[in-house]
Each structure stands twice: as structure tokens, then as C-alpha cells.
Amino acid sequence: MYGADWCPDCRRSKELLLRTQTEFTWVDTDQDADGKALIGRLQGGEPHIPTIIFEDGSFLVEPSDQELAAKLGVSPPPTS
């Protein structure tokens, strides 16, 4: 998962990954220029976060909780 600590969407996606006990590696794009460049190339321009890359090579950019849960095959968190 590529993101930044200040990003609320990154924190939300990270929490879903933790809640579902999904193993992931966190890359802070504010601290890792290579990581930021990688997601920029994947997205064909300016990088957007969070970007979550999966083992099968697919990736989600700024996913909703529902999109991320569907990709992981888990129940989405309840909506407020």
C-alpha cells in the first residue's frame, strides 16, 4: 500500500487492511521517492494515494471501503 500518514483515505484503507488481518507493506510516498514514482507510472501521470497493489499485479487507486472489501473478498465495514 502506497500512501502518506496525513491522508485520511490512506488511514481508512489501512484500517480496513488491519481489521481484516490482510498482510501488506506500507510505503510512505512522502519518504520514498521511488515508491511515489512507481505509482505515478502505474497511473500514467500524477500519483494518487492510496494506491494498493495486489500480488496478482492489479491495483486500486483511492478505493472506497466497499471496493477494497470486494477485492479482498471480505465484508465491507458498516456505513454510518
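Reader: How much space lies in the largest pocket?

Author: About 270 Å³ of space lies in the largest pocket of this predicted model. A pocket here is an open set of points on a 1 Å grid over the protein atoms alone, where a 1.4 Å probe fits, with protein on both sides within 12 Å along at least five of seven lines. Grid points are joined across faces, edges and corners, and the volume is the space filled by probe spheres set on the points.

Reader: And which residues lie nearest its centre?

Author: Met1, Glu23, Phe24, Thr25 and Ile53 lie nearest the centre, out of 13 residues that line the pocket, where a lining residue has an atom within 4 Å of a point.

Reader: How does that lining divide into nonpolar, polar and charged?

Author: The lining has nine nonpolar, two polar and two charged residues. Nonpolar covers Ala, Val, Leu, Ile, Met, Phe, Trp, Tyr, Cys and Pro, charged covers Asp, Glu, Lys and Arg, and the others, Gly among them, count as polar.

Reader: Before going on, what should I know about the numbering and the model?

Author: Residues are numbered from 1 along each chain as its sequence is written, and side-chain values use heavy atoms, with hydrogens and water left out. As the model is predicted, local features need pLDDT of at least 70 and side-chain atom pairs count only at pLDDT 80 or more, while totals for chains, interfaces and linings use all residues.

Reader: Back to Ile53, then: where is its place, and is it buried, exposed or in between?

Author: Ile53 sits in strand β3; strands (E, at least two residues) and helices (H or I, at least four) are DSSP runs numbered from the N terminus. Ile53 counts as partly exposed because its relative accessibility is 31%, given that buried means under 20% relative accessible area, exposed over 50% and partly exposed in between, with a 1.4 Å probe and protein chains only.

Reader: What is Ile53 in contact with, apart from its neighbours in sequence?

Author: Setting aside neighbours within four places in sequence, Ile53 is in contact with Tyr2, Leu38, Leu42, Ser58 and Phe59, where contact means heavy atoms within 4.5 Å.

Reader: Now helix α2: which of its residues are buried?

Author: In α2, which runs over residues 33-43, Gly35, Ile39 and Gly40 are buried. Seen down the axis of α2, these buried residues fall within an arc of 140°, so they line one face of the helix; the arc is that of the directions from the helix axis to the C-beta atoms.

Reader: What covers them, and what is on the face turned away?

Author: The cover of the buried residues includes β1 (2-3), β2 (27-28) and β3 (51-53), whereas the face turned away carries the exposed residues Ala33, Asp34 and Arg41.

Reader: What follows α2?

Author: Gly44 follows α2, and its phi is positive, near 70°.

Reader: Which residues other than glycine have a positive phi?

Author: Gln21, which is not a glycine, has a positive phi of about 55°, and Gln21 lies in the loop between α1 and β2. Glu62 is another residue other than glycine with a positive phi, near 50°, and Glu62 is in the loop between β4 (59-61) and α3 (65-72).

Reader: Last topic: where is the cis peptide bond?

Author: The cis peptide bond joins Ile49 and Pro50, with omega about 0°.
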